[in-house]
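Subject: Structure for you to look at

Dear colleague,

Here is the structure I said I would pass on. My notes on it follow below.

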Amino acid sequence: MFLANASIKRPVAMGCLLIALALLGINALRQMNLELLPEIDVPYVTVTVTYPGASPEEIEIDIARRIEDAVSAVNGLRHVTSYSMENVCQVLLEFELEVDVDVAAMDVREEIDLVLSDLPAGADDPIILKMDIGATPVVTLALTGTAGLDDLFDYADDQLRDRLAAILGVADITLVGGAPREMHILLDREALAARNLTSSHIAEAVKSNIGSIPAGRLRDDYAEYSIAYRAEYEDLDLLDQIVIDSHDGNRIHLGDVGRAVMTTAELRQTAELDGASAVVMNVIKRGDANAVAVIRRVEEQIDSIRESLPEDMDLVWVADNSTLIESMNRGAWLNVIQGILMTGAILFFFLYNVRSMFIIALTMPLTILVGIFVIYALGFSLNATTLMAIGMSVGILVTNSIVVLEAIISALHDNHPPPEAARRGAAKAFVPVLASASTNMVVLFPISVMGSLFGRIISFFSMTLLVMTIVSLFVSFTLTPMLCALLLKPRDTSQNGILAKMEKGWNRWFDNRLRRYRQILRFLEQRRWAAILVVCAVALLFLHSLMLLGRLGSEGAADVDGAEVQVRLEYPTHFALERTRQRVLAASEKLQEVPHIEHIVTRTGGVQGEILEGAFLGSIQIYFNQRDERRESIHDLVNAVREKLADVPDAIVTVSIPDFSGDASADLELEIAGPDLERLDLLATDIQSLARDIPGFTDVETSVRSGKPEWNITPNLPVLADMGIAPLALGNMVRGNIEGLEAGTFKSDARNFDIIVKLEERPGIEQLRSFAFPGDGSRPVTLESLAHIEETETLVQITRKNRQRIARLTANLAPTLPMGSAVEQLSAVIDESEILPSEYDYEFVGMYEIMTDAMSDLGEAALIALVLVILTLSAILESFRQPLLILVTIPLTMIGIAWSLTLTNNSMEIFVMMSAIMMMGIVVNNAILIMDQFNVHVREGEHRHTAMIQAASEQFRPVIMITIAAVLGMMPMAVSRAIGAEFRNAAGIASVGGILVSGIMTLILLPVLYDLFTRKQKKKA
């Protein structure tokens, strides 16, 4: 062994190298980004087209379908989902993961450019953006106070947004509540009608009176002069003097028919903080930015901003992600330290040698530090996946060093001097340690190259563990033999201190256990019926474990208690904004009795994370104190919120826990596809009824909504032709009366404000028929004389996916109902009911789609890993038969996983499945030790069956040490109750159960199976 010999010969040089690597690891740890999830590029592109005044049906036909047709040929396209809403169309393009999102965005832009001429004339140009899923909200602020809402929004928009957006790492600042300032010209409808004018006339007049024109340059012999023509107004009162029309020397001024006021755009969203009007500000970080660093920079800037805030305003820090991120990081490192201490303590009970314990205890943190340096060089951050890998590595890393140390101590007991014992022990341990590390590496490699979205995320987990394994192998054959050569001493049997007495007592007890173990092996070898009975019992346990796993069900990932709950409130579609706002505030007041609430943020006009917006939508964001400050779990608080809002009138209430991105998507999402919207709605409603009867389903809702009231104005073409009015001109006049027409820009105090011309607002729908327009002579005519007006309904939204109309069903699930089981139950109910016609189909999407893709990849990775493990062991052991015998330890792992998850009420989460595959490379280590020692005895000429019993007995102590050390190393991760620990608890529990059961059963089952399958050879012998 070159590394071991070099370390023993030149301990100073090797020590300097290891110290340098450790220092680099400490520096890397200081500089690494702290994130919730690793940064990954997911190829999503959005196309947004605004078409003012268009209904969802018009949007679908004129825009959505044309864009779908245009982009359908783009290479690598996976799904096309379009949302047709009033005034706007949004198309979400999902590409295969291997597609470069920049190239995809360019291809989409090129295809859409080809159909721009086919889009309606009134539609705005498409906005094409690539989505960055790493650009998530990290801080929520609220600007509140005694100032009016208009002043709050204006200050946030004009002052705070720019200061916060300039912070390093901040991508954008989104504002909720209020509207931007505008200059409105409010027209007197009677005065306008008396002068035979319309809002369109006023808008054109204003547009032609306000503006600036660069006239060019004039020169003389020595100088050049710029000429600028400026027809601008800095005083609102001067606008009244604009001449609108002139007849027979009589001028009509703007002040004769209206007035100019500084106000805001139409209010379509409101927000409140703890019941008081506010402007909520979400700070969005860049995808590649350090979340915690960004939050700290925002905190520093907020302290400066508060000093300059107006007296009637207050900037409140509502919530941020730093607590969750730092707590996950701190909790993970605490688990690592606890694992190291517990492992060191148990090794002391086996070794009763402070020097030996010091050697082992030193190898683990050094391995982690060196590994941190390597993953930092690879560009990784500290996030949920890499921290989980580091936590799980504690129980794995100690294995190699224990094997090497045990071999060295054994050589030392054979009266070899420490340096020679270190050489001999390292050489003896080389094959089992190499086999152990190699199996770990070949198992992790297939996981690191998985192609699904989840595979991209856990590749950071597997790569981190892979790095830790390689570094562990390096440290085991450098630091361990070097320290053994320097620190260990031959056993002094004359010592009679407390430790010596404890060691003798422990060894006496352990030798008795070893003697009993040897007797059991001999008993089973001599009585075949007993051996067969043991194998059958293990087989029955394995079959029972498979039954348990089937009952446990599959799951995506555990809900993390981020101290936040979101309530979605949907009222009838005809509700006005203020009516919805009052209902949302009334609902929030019901929550005052729910314990542990720190802040309540209400929003009217939309829901965070949803594309659909409207005056009938509202949400309540509830921020609780942190998990370590209360006894109740986040699920207890969710149930309390549901109880309080159970009787909210006229509302569809959905209570959910936001995911890592801050969006509160449903646990289960079902899409029904088909040609007819009415039939889709009926099917969705029927399936909703079926789902509500399944225990564990909560908040079961569909996308089926009643139509929104709409008044259709159909121009009377003959009448308009007689009057010389173009139909679209009449439509613009109507829009000018209600929505308003943009007529230019008003400049004041170095700011620009849009000028909007509209009628002064009056309540009531009856005014629509009486809108006056110029008629023959001086007599105006009403709108009902020029068009047919009737009340109808329009859809709120039309959703299409892969060029088919779809209806959606969403549901949240009780913590006791895994997602996989929920899907199986609902699918069975739907299929048995036979309610779906042949041309209609359904599929589960969202997290379930991600989970199924991940399971498929994990199954493939498990198969590849199994083959690689067999090949690796065959190559190292120079045998094809022995690896097959070693692999019996893998089914034993499933027994431990099934029982541990069942006893702790956990399900088969994706991370549990991943850890199960990972353990394929871990649990074989014990069998490798036994088989390697068996081969040594066979080469020495011992009978094979005697050699097996002898090898198992000699490796009994190392196997027990390795198993207990690995279990204790992972135990803190399994039982942790720190903030964010839910993410890794189930994987830790499964690993502890799998390693413990496999380690114990391997000691019995491996010799028994060898004896049974080689009994003929035994008789011949």
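A crossing of two helices is called right-handed if the near helix is turned clockwise from the far one by less than a right angle, and left-handed if anticlockwise. By that rule the crossing of H12 and H15 is right-handed. Please keep in mind throughout that this is a predicted model.

Overall

The protein has 1021 residues, of which 54% are buried. Its secondary structure amounts to 34 helices and 32 strands. Along the principal axes, the C-alpha atoms occupy a box of roughly 125 × 80 × 60 Å. Of the contacts with a separation of 6 or more, 79% are between residues 24 or more positions apart.

Two helix pairs

Two packed helices are described by the angle between their axes and the distance between the axes.

To return to the pair above, H12 covers residues 354-377 and H15 covers residues 453-476. Their axes lie 9 Å apart, at an angle of about 130 degrees. An angle has to be over 145 degrees to count as roughly antiparallel, so H12 and H15 are classed as oblique to each other. From H12, the residues in contact are Thr 363, Thr 367, Ile 368, Val 370, Gly 371, Ile 372, Val 374 and Ile 375. They meet Thr 464, Val 467, Met 468, Val 471, Ser 472 and Val 475 of H15. By type, the residues of this contact are 9 nonpolar, 5 polar and no charged.

The other pair is H14 (residues 418-448) with H30 (residues 924-939), whose axes come within 10 Å and cross at roughly 150 degrees. H14 and H30 are therefore roughly antiparallel to each other. The crossing of H14 and H30 is right-handed. On the H14 side the contact involves Lys 428, Val 431, Pro 432, Ala 435, Ser 436, Thr 439 and Asn 440. On the H30 side it involves Val 924, Asn 925, Ile 928, Leu 929, Asp 932 and Gln 933. The residues of the contact between H14 and H30 comprise 6 nonpolar, 5 polar and 2 charged.

Nonpolar cores

The largest nonpolar core contains 222 residues, and those with the most contacts inside it are Leu 143, Val 298, Phe 697 and Leu 826. Helix H13 contributes the most to this core, with 18 residues. Another core, of 38 residues, lies apart from it and includes Leu 192, Ile 210, Ile 242 and Leu 786.

Leaving aside neighbours within four places in sequence, Leu 826 is in contact with Leu 668, Leu 670, Ile 687, Ala 691, Ile 694, Phe 697, Leu 809 and Phe 844.

Met 392 is in helix H13, which spans residues 384-413. Met 392 counts as buried because its relative accessibility is 0%. Residues up to four places away in sequence not counted, Met 392 touches Phe 461, Ser 915, Met 918, Met 970, Met 973, Ala 987 and Ser 991. Its C-alpha atom is separated by 72 Å from that of Asp 237, which is 155 residues away along the chain.

Ser 84 is in strand S2, residues 77-85. With a relative accessible area of 0%, Ser 84 is buried as well.

Regards

Methods: Residues are numbered from 1 along each chain as its sequence is written. This is a predicted model: local features need pLDDT of at least 70, side-chain atom pairs count only at pLDDT 80 or more; totals for chains, interfaces and linings use all residues. Side-chain values use heavy atoms; hydrogens and water are left out. Axes are lines fitted to C-alpha atoms, for helices over the stretch in contact, and angles run from 0 to 180 degrees between N-to-C directions. Helices (H or I, at least four residues) and strands (E, at least two) are DSSP runs, numbered from the N terminus. Angles under 35 degrees count as roughly parallel, over 145 as roughly antiparallel, 65 to 115 as roughly perpendicular and the rest as oblique. Contact means heavy atoms within 4.5 Å. Ala, Val, Leu, Ile, Met, Phe, Trp, Tyr, Cys and Pro count as nonpolar, Asp, Glu, Lys and Arg as charged, and the others, Gly among them, as polar. Buried means under 20% relative accessible area, exposed over 50%, partly exposed in between (1.4 Å probe, protein chains only). A nonpolar core is a set of buried Ala, Val, Leu, Ile, Met, Phe, Trp, Tyr and Cys residues joined through side-chain atoms within 4.5 Å.
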